[in-house]
Every structure is written in structure tokens, then in C-alpha cells.
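We will go from stop to stop, with something to pick out at each one.

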Amino acid sequence: MKQKFDIIESTCVPLPLENVDTDQIIPARFLKATTRDEKFFGENLFRDWRYLPDGSPNPGFVLNDPRYGGCVLVAGKNFGSGSSREHAAWALAGYGFRAVISSFFADIHRNNELNNFVLPVTVSEAFLAELFDCIAADPATRVRIDVHELTVTNLASGRSEKFEMNAYKQYCFLNAMDDIDYLLAHKDRIEEYERNSAL
């Protein structure tokens, strides 16, 4: 979902598990779907953890816990490992997450998140541990993510960290542009280059 990213301030959904792979984010059986409907994939985010075998919500899973909400998922180290399915990023976006905070992302999944306007925010292990502790103590804990300054702040403790994002993707997020939008915005320059190159 293309949205301008400037400053995100939100409560968090904590998932303090390491090595959450893409099959756990969206099980392989949903890869056969012929739809790109975000709602479909969002409804099946963490399907096998989120629902019991009879299809009823699992009361022990965080997405079904009314204490937690917001558009920021806080996940353990090595989030998005496993197969390279883009569907995992579709599911996160379809559920409504705009950012995921972790101390490490699998490279392909990180890029899939960026390409689907979900912001992967990589923080130190110490920052992540403190944030999990704050959320456990108070589910209303909020974070502030500033895409201009590339900073993330735990508003409960006041602790901030910088995170990395390449300048191109930062520009795209700030202007709600995907790769095609970016190329179309430079159509005149591209056409001029082609004309000059043909001489």
C-alpha cells in the first residue's frame, strides 16, 4: 500500500521470537492464491499461530490480544528468514503494519518489505530488548519513527537510534513512489537521454 512516510508514531505489537521465517509469516499453501488482495493476505498473516485448528482465533497469540495494537510490529532477531516469497510482505502490509522493528532482517525479505511500503527498521539488540521490556511493562508504549532523520525512538524510555535506509528508498517512501512511479517522474529526462543517444 503506497502511503507517504514521514513520521510514524504508534503503539506496538510485540513478537519476541527469533528466526521467524516467511512460512510462519504466510504459510506456503496461500502462495497458490490468484489474488493480490491485501485484505486476503492480511487475514492470513501468521495464520498457523493466529488461529486454532477449528479456525477460531487463538487467544494466546499476540494479534488476538486486545492489549496490543498499532501499525508497528516489533520482532525478534532474524525476521523473515527462509524462502523469498513476496507474499510475506504482502501479508504484513495487508494486516496494516507500516513498519517492523528487529535487530536483523533476512536480506530478501527486507527488500520485499521495502518494495511493498513496509519499513524495516534495524536496531541494536540492546534497543530491541529494552523496547520489548517496555511493551511488556506497558502495552501502551509508543515508538516514533522519523523517515526524514532515519531515527527510531522508544517514547517510554526516550532512547533513540539511527537506522539505515538507502537514499533512493528513503525518497520513494517520503513521496509514496514505487519504482515505476519514480521512472515516470523522470520520463522527460529519460526521453531526452534517448533522443541524444540516438544521434
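**Before you click**

This is a predicted model, in which local features need pLDDT of at least 70 and side-chain atom pairs count only at pLDDT 80 or more, while totals for chains, interfaces and linings use all residues. Residues are numbered from 1 along each chain as its sequence is written, and side-chain values use heavy atoms, with hydrogens and water left out.

**Stop 1: the core**

Select F46, V72, F79, I101, L119 and I145. In the largest nonpolar core, which has 52 residues, these six touch the most other members. Such a core is a set of buried Ala, Val, Leu, Ile, Met, Phe, Trp, Tyr and Cys residues joined through side-chain atoms within 4.5 Å. Buried here means under 20% relative accessible area, exposed means over 50%, and partly exposed lies in between (1.4 Å probe, protein chains only).

Next, colour the elements that each supply at least two residues of this core: β1 (7-15), β2 (72-75), α4 (87-95), β3 (99-102), β4 (119-122), α6 (125-137), β5 (142-146) and α7 (167-174). Helices (H or I, at least four residues) and strands (E, at least two) are DSSP runs, numbered from the N terminus.

Now centre on I101. Leaving out residues up to four places away in sequence, I101 touches V72, L73, V74, A75, V121, V123, L128, L131, V143, I145 and V152. Contact means heavy atoms within 4.5 Å.

**Stop 2: helix α4**

Show α4 with its side chains. Is this helix mostly covered or mostly open? Mostly covered: 7 of its 9 residues are buried, namely H87, A88, A89, W90, A91, L92 and A93. Their cover includes α1 (22-25), α2 (38-43), β2, β3 and α5. Step past the end of α4 and you reach G96, which has a positive phi near 120°.

**Stop 3: helix α7**

Move on to α7 and begin at its start, where a side-chain oxygen of N166 comes to within 3.1 Å of the backbone nitrogen of Y168. Within α7, pick out K169, Q170, C172, F173 and L174, which are buried. The buried residues of α7 pack against α5 (107-115), β4 and α8. Just after this helix, look at A176, which has a positive phi of about 55°.

**Stop 4**

I180 lies in α8 and counts as exposed because its relative accessibility is 53%.

**Stop 5: salt bridges**

A salt bridge is a side-chain nitrogen of Lys or Arg within 4 Å of a carboxyl oxygen of Asp or Glu. By this rule there are 9 of them.

Select D179 and K169, whose side chains meet in one, at 3.7 Å from N to O. This pair links helix α8, which holds D179, to helix α7, which holds K169, across 10 residues of sequence. D179 is partly exposed, at 35% relative accessible area, whereas K169 is buried, at 10%.

R142 pairs with E9, with their closest N and O atoms 3.7 Å apart; R142 is in strand β5 and E9 in strand β1, 133 residues apart. E9 also pairs with R144, at 4.0 Å. Because E9 lies in β1 and R144 in β5, this pair ties together parts that are 135 residues apart in sequence. E9 is partly exposed at 41%, R142 at 34% and R144 at 30%.

**Stop 6: T153**

Finish on T153 in strand β6 (residues 151-154), a residue that is buried, with a relative accessible area of 14%. The T153 side chain makes a polar contact with that of S160, at 2.5 Å. A polar contact is a pair of N or O atoms within 3.5 Å; within protein, one must be able to donate a hydrogen and the other to accept it, and residues adjacent in sequence count only if both atoms are side-chain atoms. Leaving aside neighbours within four places in sequence, T153 is in contact with F127, R142, V143, R144, G158, R159 and S160.
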